[in-house]
Amino acid sequence: MGRRASPSRPRLVVATLNPAKARELASLLGDIPFEVVGLSTIPGAALPPEGDDSYRANALAKARAAARLSGAVALADDSGLEVDALGGRPGVRSARYGGAGLSDADRCAALLAELRGVPRERRTARFRCMVALASPDGREEVVEGIVEGVITDAPRGTGGFGYDPVFFYPPLGRTFAELDPALKNRVSHRGKALALAQEALKRWVS
Ligand code: IMP
């Protein structure tokens, strides 16, 4: 994961089968006293499907499954976009909002259509990310990161993924899709949650 493997470091399994996401999470974790590996490196690995109850339950279920499969400390995340004018939707269903088979651009368009006519002051929203840590012997910790923003009237920017083109971040005056990835990571829900996870992991080994 871009970090030299060291036999003296315990392994930390990142509970995603997507190698790109595993790499991103590893780089966001920064310097930790673990050798970070993706779940795809473990033969036969599978994860429970995400449910509709809570980010916390989804993240914990994935972390527990990965810890069980690997025998190592595991980290999992779950995240979503909460729009105030929609009572917090799409929330935990963000990846599935609008129906199956839609592209990110389709989902952004569906969200803008649902918010048509809603004035800017009522277009407030936040990204939320929960990161769960689980060890094979049952130790668990969940941390959270939040970033507040406003849903735009139209998509802007070409970077990022998901709802980034419609998520305007007022302190920088740009949408997340207009931010340099390193800058987005510094202010994002995921960046904040992983900074807290880094602190937790340092406590776990101390
Ligand atoms: P998951 O945490 O991988 O389940 O992602 C949940 C969904 O929330 C994603 O598919 C995106 O639609 C949305 N989402 C979460 N984080 C971000 C982000 O940083 N930018 C844009 N969309 C996001």
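The model is predicted, so local features need pLDDT of at least 70 and side-chain atom pairs count only at pLDDT 80 or more, while totals for chains, interfaces and linings use all residues. Residues are numbered from 1 along each chain as its sequence is written, and side-chain values use heavy atoms, with hydrogens and water left out.

**Overall build**

- The protein has five helices and eight strands, where helices (H or I, at least four residues) and strands (E, at least two) are DSSP runs numbered from the N terminus.
- Along the sequence, these elements follow the pattern β-α-β-α-β-β-α-β-β-β-β-α-α.
- The radius of gyration is 17 Å, which agrees with the value near 17 Å for a compact globule of 206 residues; this radius is taken over C-alpha atoms, and the globule rule is 2.2 Å times the number of residues to the power 0.38.
- Along the principal axes, the C-alpha atoms fill a box of roughly 55 × 30 × 25 Å.

**Around the ligand**

- The ligand is surrounded by 15 residues, each with a heavy atom within 4 Å of it.
- The closest are Ser79, Asp164, Lys184, His189 and Arg190.
- This shell divides into four nonpolar, five polar and six charged residues; Ala, Val, Leu, Ile, Met, Phe, Trp, Tyr, Cys and Pro count as nonpolar, Asp, Glu, Lys and Arg as charged, and the others, Gly among them, as polar.

- Lys184 places a polar side-chain atom 2.8 Å from an oxygen atom of the ligand.
- Strand E3 (73-83) and helix H5 (189-205) are the elements that give two or more residues to the shell, and E3 gives the most, with three residues.

**A cis peptide bond**

- Most peptide bonds are trans.
- Arg89 and Pro90, however, are joined by a cis peptide bond with omega about -5 degrees.
- Pro90 belongs to strand E4 (residues 90-91).

Technical notes:
A polar contact is a pair of N or O atoms within 3.5 Å; within protein, one must be able to donate a hydrogen and the other to accept it, and residues adjacent in sequence count only if both atoms are side-chain atoms.
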